[in-house]
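Subject: Structure handover

Hello,

Here is the structure I promised you. Please open it next to the sequence as you read. My notes follow.

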Amino acid sequence: MTDTDYFLLTNNLTLEEQLEAVEKDIAECKEHMKVLKEKKKELNSQIEEAQKERLYKAVAESGRSIEEILEMLSKEDSE
């Protein structure tokens with residue numbers, strides 16, 4: 001809803017009715033934000049799982065053990 005639409009809808013309302021309408025809109029926005037944050041959390045979790053799977057697959061395909069990979073990474077960090 002645009003600001004103009006909102007103005008046209010609330011123009012014939014009392015101040016109290018306008019306030020009630022705004023409070024209702026705020027509550028709906030908060031609920032929508034809650035849903036979006038949950039969806040964001042879910043997507044981040046899926047991305048993290050995909051990255052873990054990709055890393056695990058790369059280690060398995062390398063023919064090296066996890067310990068060897070960790071040692072290699074540790075050596076790179078200390079350089």
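Of the 79 residues in the protein, 4% are buried. Please keep in mind that this is a predicted model. The accessible surface of the protein comes to about 7,600 Å². Carbon and sulfur atoms account for 56% of that surface.

The fold first. The protein has three helices and zero strands. Read from the N terminus, the order of elements is α-α-α. Helix H2 covers residues 15-62, and helix H3 covers residues 66-78.

Now the surface. Two patches are worth a look.

The charged patch is negative. Four residues gather there on the surface: Glu 16, Glu 17, Glu 20 and Glu 23. Take Glu 17, which sits in helix H2. Is Glu 17 buried, partly exposed or exposed? Its relative accessibility is 39%, so Glu 17 counts as partly exposed. The cut-offs behind that call are under 20% for buried and over 50% for exposed, with partly exposed in between.

The other patch is nonpolar. Ile 66, Leu 70 and Leu 73 form this patch on the surface. How much accessible area do these three residues have together? The figure is about 280 Å². Leu 73 has its place in helix H3. Leu 73 counts as partly exposed because its relative accessibility is 43%.

Best wishes

Definitions and conventions: Residues are numbered from 1 along each chain as its sequence is written. This is a predicted model: local features need pLDDT of at least 70, side-chain atom pairs count only at pLDDT 80 or more; totals for chains, interfaces and linings use all residues. Side-chain values use heavy atoms; hydrogens and water are left out. Patches are made of residues with over 30% relative accessible area and no salt bridge: like charges are joined within 9 Å, nonpolar side chains (Val, Leu, Ile, Met, Phe, Trp, Tyr) within 5 Å. Accessible areas come from the Shrake-Rupley method with a 1.4 Å probe; for residues, only the protein chains shown count as cover. A salt bridge is a side-chain nitrogen of Lys or Arg within 4 Å of a carboxyl oxygen of Asp or Glu. Lys and Arg count as positive and Asp and Glu as negative; His and the chain ends are not counted. The place of a charge is taken as NZ of Lys, CZ of Arg, CG of Asp or CD of Glu. Helices (H or I, at least four residues) and strands (E, at least two) are DSSP runs, numbered from the N terminus. Buried means under 20% relative accessible area, exposed over 50%, partly exposed in between (1.4 Å probe, protein chains only).
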